[in-house]
Amino acid sequence: MEGDAVPHRPGVDRARAGADDLADAARVLGASAWQRLRRVTLPVVAPPVAAGSVLVLAFAIGSYEVPYLLGRPYPATLSVVAYQYATDPDLRQRPVAMAVAVVLSVAALLAAAGYLALVGRLARRAL
């Protein structure tokens, strides 16, 4: 669909059509509803859901604006703690801010690595 306002929509439509074809083929071959869900639908849906989850997690890890402006002062999220240490007038707090930022970055990288491992395992299982 040209000129679509949502750029990912054609890809979603193609994936849905492919999943429907696979589900129809499984139904014709005698698979029960549970088998179709477990062996057809979940393997097709899992990679995009996992990718979206990793993107949302990475954004949530780095987001400090909403918790800082609207959140309670205790317990503060790690991104708010890093921001508070980074903007502290005491320059001795800057290394602490960088350490907290590294912890957040490592958490995001571990989530991405977990996503890649999950997709790789699902791709091997599908073959």
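A search of the whole structure finds one salt bridge, the term denoting a side-chain nitrogen of Lys or Arg within 4 Å of a carboxyl oxygen of Asp or Glu. Select R92 and D90: their side chains form this pair, with an N to O distance of 3.1 Å. Side chains of opposite charge can pair when their charged atoms come close. R92 counts as exposed because its relative accessibility is 68%, whereas D90, at 28%, is partly exposed. Here buried means under 20% relative accessible area, exposed over 50%, and partly exposed in between (1.4 Å probe, protein chains only).

The model is predicted: local features need pLDDT of at least 70 and side-chain atom pairs count only at pLDDT 80 or more, while totals for chains, interfaces and linings use all residues. Residues are numbered from 1 along each chain as its sequence is written, and side-chain values use heavy atoms, with hydrogens and water left out.

Next, display the whole chain as a cartoon. The protein has five helices and zero strands; these are DSSP runs numbered from the N terminus (helices: H or I, at least four residues; strands: E, at least two). Of the 127 residues in the protein, 13% are buried. The accessible surface comes to about 9500 Å², and carbon and sulfur atoms hold 67% of that area (Shrake-Rupley method, 1.4 Å probe; for residues, only the protein chains shown count as cover).

Now select residues 33–62, helix α2. The buried residues of α2 are R36, V40, A50, V54 and I61.

S79 counts as buried because its relative accessibility is 8%. Beyond its neighbours within four places in sequence, S79 is in contact (heavy atoms within 4.5 Å) with I61, G62, S63, Y64 and L104.

Finally, select V66, Y68, L69 and L70, which make a nonpolar surface patch of about 470 Å². Patch residues have over 30% relative accessible area and no salt bridge; nonpolar side chains (Val, Leu, Ile, Met, Phe, Trp, Tyr) are joined within 5 Å, like charges within 9 Å. V66 belongs to helix α3 (residues 65–70) and, at 52% relative accessibility, counts as exposed.
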